[in-house]
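Could you look through this chain with me before we discuss it? The points below are meant to be read with the structure open beside them.

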Amino acid sequence: MSKETYLNLLRTYLSGRLSADEVEDITRYYAEYFADAGPAQEQAVIAELGSPEALAHQILSERNWEEPFQPPEYPQYDYDAEYVPIEHGRLPSWAVFLIFGAIVFFGWPVALGLVLGLGGAGVLCVAIGLGIAGSAFTNLSLAGALYEAGGGLIVAGVGLFLLFMLIFLCRLTVKGVRYLWDTFAE
């Protein structure tokens with residue numbers, strides 16, 4: 001049995017009987033104990049400590065655990081075999097490229113529409129708003145000019161908001177693609 005397997009079993013036997021913080025403190029203590037002994041003495045430390053069930057029973061007894069300790073029933077495993085976790089959620093490369101190809105093929109019209117729609121509307125609103133605000137003082141009274149300039153600045157502000165939304169959506173898309181690639185690509 002490896003030290004990782006030993007510590008995982010110890011954590012399992014203590015979980016639900018002690019607080020999560022106590023379980024982590026105990027597990028950290030025994031991980032340091034293994035580290036101090038060194039990798040060559042790993043099996044000697046396991047023999048010294050006994051089974052994870054017995055060590056959990058001893059720890060709970062020392063803490064005056066009210067309920068009698070009954071280790072959970074687990075199937076018997078070959079503890080001498082090295083534990084190798086199985087990675088789930090990974091797709092083969094061809095599937096990843098097929099999915100991303102479909103996203104690019106069907107997604108580019110949507111992306112182009114967003115860029116042209118939001119970007120074009122944003123630039124147009126900023127230009128028109130600044131044009132209205134700049135030309136407001138030519139032929140109007142002061143009150144009318146201030147009113148028209150305020151409206152122009154509001155339109156320019158809406159345009160800036162649309163441009164910022166375009167930038168936000170582009171960054172969000174890049175982060176989403178990067179997350180999907182990291183999650184599903186081999």
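Predicted model: local features only at pLDDT ≥ 70, side-chain atom pairs only at ≥ 80, totals over all residues.

1. Residues are numbered from 1 along each chain as its sequence is written, and side-chain values use heavy atoms, with hydrogens and water left out.

2. The protein chain holds six helices and zero strands, and its elements, taken from the N terminus on, run α-α-α-α-α-α. Here helices (H or I, at least four residues) and strands (E, at least two) are DSSP runs, numbered from the N terminus.

3. Of the 186 residues in the protein chain, 24% are buried, where buried means under 20% relative accessible area, exposed means over 50%, and partly exposed lies in between (1.4 Å probe, protein chains only). Among contacts (heavy atoms within 4.5 Å) between residues at least 6 apart in sequence, 69% join residues at least 24 apart.

4. Two packed helices are described by the angle between their axes and the distance between the axes. For helix 1 and helix 2, the axes come within 10 Å and cross at roughly 160 degrees, which makes helix 1 roughly antiparallel to helix 2. The axes are lines fitted to C-alpha atoms, for helices over the stretch in contact, and angles run from 0 to 180 degrees between N-to-C directions; angles under 35 degrees count as roughly parallel, over 145 as roughly antiparallel, 65 to 115 as roughly perpendicular and the rest as oblique. Helix 1 passes helix 2 in a right-handed crossing, and a crossing is called left-handed if the near helix is turned anticlockwise from the far one by less than a right angle, and right-handed if clockwise.

5. Which residues bring helix 1 and helix 2 together? On the side of helix 1 they are K3, Y6, L7, L10, R11 and L14, and these meet V23, E24, I26, T27, Y30, A31 and F34 in helix 2. By class, this contact of helix 1 with helix 2 has nine nonpolar, one polar and three charged residues, given that Ala, Val, Leu, Ile, Met, Phe, Trp, Tyr, Cys and Pro count as nonpolar, Asp, Glu, Lys and Arg as charged, and the others, Gly among them, as polar.

6. Helix 1 also packs against helix 4 (residues 52–62), at an angle of about 45 degrees and with the axes 9 Å apart, so the two helices are oblique to each other. The contact is made by Y6, L9, L10, Y13 and L14 of helix 1 together with P52, E53, L55, A56, I59 and L60 of helix 4. Ten nonpolar, no polar and one charged residues make up the contact of helix 1 with helix 4.

7. Helix 5 (residues 93–135) and helix 6 (residues 142–184) pack at an angle of about 165 degrees with their axes 6 Å apart, and they are therefore roughly antiparallel to each other. Helix 5 passes helix 6 in a left-handed crossing, and the residues of their contact divide into 26 nonpolar, six polar and one charged.

8. How many salt bridges does a search of the whole structure find? There are two, a salt bridge being a side-chain nitrogen of Lys or Arg within 4 Å of a carboxyl oxygen of Asp or Glu. In one of them the side chains of R11 and E24 meet (3.3 Å, N to O), and this pair links distant parts of the chain, with R11 in helix 1 (residues 3–14) and E24 in helix 2 (residues 20–37), 13 residues apart.

9. A salt bridge also joins the side chains of D25 and R28 (3.0 Å, N to O), which both lie in helix 2, three residues apart, about one turn of the helix. D25 is partly exposed because its relative accessible area is 44%, and R28 is partly exposed because its value is 46%.

10. Finally, F137 has its place in the loop between helix 5 and helix 6, and, leaving aside neighbours within four places in sequence, F137 is in contact with A145, L146 and A149. G150 is found in helix 6, and at 26% relative accessibility G150 counts as partly exposed.
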